[in-house]
Amino acid sequence: MGPTASGKSELSMQLQKYLPVELVSVDSALVYKGMDIGTAKPNKKQLLKHPLRLINLRDPKDYYCVQDFRCDVLQAIKEIFDMQKIPLLVGGTMFYYNILLHGISNLPKSNIDVRNTIFNKYGFQNSFILHQYLSKMDRESAENIHPNDLQRILRALEVCLITGKKYSILKKKVSNPFTYHAIQFAIYPEKKFLYDNINTRFYHMLNNGFELEVRTLFHRKDLNIDLPAMRCVGYRQMFLYFMKKMNFSQMIQSTIFATRQLVKKQRTWLKKWKNVYFLYDNKINYLTKKIISILYKIIPRNY
């Protein structure tokens with residue numbers, strides 16, 4: 001685990017040289033096809049050498065919820081164990097890790113027909129009206145969800161309409177905790193290192209064609225700025241730039257700022273995390289040796 005731009009992907013590929021592991025992505029942005037540069041998805045050459053599961057699962061117009069992730073990741077873990085190898089989960093979507101380890105509420109899967117009904121009745125882009133409607137159905141959920149958070153508002157409304165019960169009550173009933181033993185590592189470099197990396201990485205994305213990648217998505221008639229995929233950091237800001245809501249310089253600064261905010265949230269999650277080995281360095285070779293050294297001490301010799 002670790003914040004954005006901390007070097008998780010590079011470290012996981014390095015570890016694969018020394019350990020019998022198969023890589024599994026825990027990243028809510030990498031599941032979308034055609035979103036490669038802005039998500040820092042490993043390139044084709046890297047993927048050929050280090051295959052990564054749970055990427056390119058959905059078209060950007062589609063939804064991918066935590067229930068989908070939990071089902072997919074458990075299937076991937078089972079398949080890897082059947083190969084007599086060890087699953088190495090890598091990514092920075094802390095909410096995904098949380099529901100994987102501690103279980104998930106028994107909520108219905110996303111239903112496109114129900115969502116279309118909500119869209120057609122109340123208007124897709126008017127999150128304020130949807131939030132008011134949610135407050136009438138489930139006041140507690142409405143109080144805990146920001147009026148601008150369209151994705152979470154839709155999910156809460158969807159569950160209420162499918163089940164006839166309040167989302168706030170159903171989500172508290174957690175079941176199916178993780179049945180495997182997890183050894184957890186978190187890269188936790190200094191904030192300055194992360195911020196410098198964020199700047200460098202985003203300019204590298206721009207030089208590699210990120211604007212063209214998003215422009216291709218922008219011209220698709222079935223995509224809009226409020227879809228979950230387009231709310232990913234960088235893509236949303238580039239959409240606003242194409243919509244002439246900001247200039248190019250503002251788009252860059254807004255993306256860098258949003259990425260730093262994401263890093264703050266990830267670091268906050270990790271500070272509260274239990275049973276994790278923190279890795280405070282940023283040198284890949286050192287981190288590799290550190291992890292292998294820890295594993296050597298805690299895993300039985302006859303494993």
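Trainee: Hi! Where is Ser6 found?
Mentor: Hello! Ser6 sits in the segment before helix H1, which spans 8–15. Keep in mind that we are looking at a predicted model.

Trainee: Is Ser6 buried or exposed?
Mentor: Ser6 is buried, because its relative accessibility is 3% and buried means under 20%.

Trainee: And what lies 2.7 Å from a polar atom of its side chain, I mean that of Ser6?
Mentor: That is the backbone oxygen of Pro3.

Trainee: Which residues is Ser6 in contact with, leaving aside neighbours within four places in sequence?
Mentor: Those are Ile187, Pro189, Phe193 and Leu194.

Trainee: New topic, helix H11. Which residues are buried there?
Mentor: In H11, residues 210–218, the buried ones are Phe210, Glu213, Val214 and Leu217.

Trainee: Why are they on the same side of H11?
Mentor: Because they cover an arc of only 90° around the axis. As background, an α-helix has 3.6 residues a turn, so residues three or four places apart point the same way.

Trainee: Nice. What covers the buried residues of H11?
Mentor: The cover includes helix H10 (191–207) and helix H12 (235–242).

Trainee: Last one, cysteines. How many disulfides does the count come to?
Mentor: The count is 0. For Cys160, the nearest cysteine sulfur is that of Cys65, 16 Å away, and a disulfide needs the sulfur atoms within 2.5 Å.

Trainee: What about Cys232?
Mentor: Cys232 is in no disulfide either, with the sulfur of Cys65 nearest at 15 Å. Cys232 is buried, with a relative accessible area of 13%, and Cys160 counts as buried at 5% relative accessibility.

Methods
Residues numbered from 1 in each chain as written. Predicted model: local features only at pLDDT ≥ 70, side-chain atom pairs only at ≥ 80, totals over all residues. Heavy atoms only, no water. Helix = DSSP H or I, 4+ residues; strand = E, 2+ residues; numbered from the N terminus. Buried < 20%, exposed > 50% of the residue type's maximum accessible area, 1.4 Å probe, protein only. Polar contact = N/O pair within 3.5 Å; in protein donor to acceptor, adjacent residues only side chain to side chain. Contact = heavy atoms within 4.5 Å. Arc of directions from axis to C-beta.
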